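Subject: A structure to look through

Dear colleague,

Please find below the structure that I promised to pass on to you. Could you open it beside this email and follow along as you read?

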Amino acid sequence: MYNKINYGRLIVIQKKVGKRQMKNFLENFKNRAVKSKLSFMTRTSIILMLVLGVGALFGAYELNLQTKDMHSWMLANNIIAELDYLTSEVRLQQYAHVISDTRVEFELHEAEIDSILAEINELMVEYEATIKTEVDRQYYEAAGAAWEKYLEATGENFYSLSRAMKLDEANAIMLGDGYDAFKEFQVNFDTLLEYNHACAEEVSDHATKVFIFVIVMVVVLVTLAAIISLRIAKVIIEGI
């Protein structure tokens, strides 16, 4: 209790000392020559402007970094969305291959599948370039391994059975090993997608906080500069 009382008295004393020092400063300032007052006011304004400028530059630099990160995560999300569509399209084309009954149809669906797979490979390379964290890489590699497993399950043996019109055996692959592998891929892919969404939201929230900080800092510094300038101007006018 004694320490708390002493601490409270110390704060009161410090406030009184601060007020007394400010009062003495203003009294001394009044007695200065006008030229000295204007010089002090100019130096003070320059210092505040420099602080404001440095703060604004820091804020702009930080916002630029956050914007780049946000763009990177948004790009990754767009690639994932495109991969989600294309991988499902491969499976649909394979089902269409099963129900085809002419050589022309078989070749048409196989050509379409090859084209989609080439696009998927390109997108995966693009996505790999956006990877920023080890967790992201782990999720990406798990999804990639699951996709390769699906392609193996629905490989040449599946197409041979489908071309031979062995519908039951071809469907058994699509609904058996193919289904299990594709389901595993989707689970890993959804994990990757959720991680990217979470990271994008985190970067966006941080960018918003930085923006608010910069705005508050600018307002506080401008207000402080205005108050100091008005006080000094008042003292100058009273001293004339």
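What follows is a short account of what was found in it.

This is a predicted model, in which local features need pLDDT of at least 70 and side-chain atom pairs count only at pLDDT 80 or more, while totals for chains, interfaces and linings use all residues. Residues are numbered from 1 along each chain as its sequence is written, and side-chain values use heavy atoms, with hydrogens and water left out.

The protein chain has 7 helices and 0 strands, where helices (H or I, at least four residues) and strands (E, at least two) are DSSP runs numbered from the N terminus. Of its 240 residues, 31% count as buried; here buried means under 20% relative accessible area, exposed means over 50%, and partly exposed lies in between (1.4 Å probe, protein chains only). Among the contacts (heavy atoms within 4.5 Å) with a separation of 6 or more, 80% are between residues 24 or more positions apart.

The largest nonpolar core has 31 residues, of which Leu83, Val90, Ile120, Tyr127, Trp147 and Phe158 touch the most other members. Such a core is a set of buried Ala, Val, Leu, Ile, Met, Phe, Trp, Tyr and Cys residues joined through side-chain atoms within 4.5 Å. Two or more of its residues come from each of helix H2 (34–98), H3 (103–130), H4 (134–153), H5 (156–163), H6 (167–175) and H7. A second, separate core of 5 residues includes Trp73, Tyr195, Cys199 and Ala200. If neighbours within four places in sequence are left aside, the contacts of Tyr127 include Ala76, Ile79, Asp136, Tyr140 and Leu192.

Helix H5 deserves a separate look. Phe158, Tyr159, Leu161 and Ser162 are buried in H5, and they lie on the same side of this helix because they cover an arc of only 160 degrees around the axis, the arc being that of the directions from the helix axis to the C-beta atoms. On the other side of H5, Glu156 and Asn157 are exposed. After H5 comes Met165, whose phi is positive, near 65 degrees.

Finally, to the surface: is Val220 buried or partly exposed? Val220, which has its place in helix H7 (residues 177–239), is partly exposed, because its relative accessible area is 48%.

With best wishes
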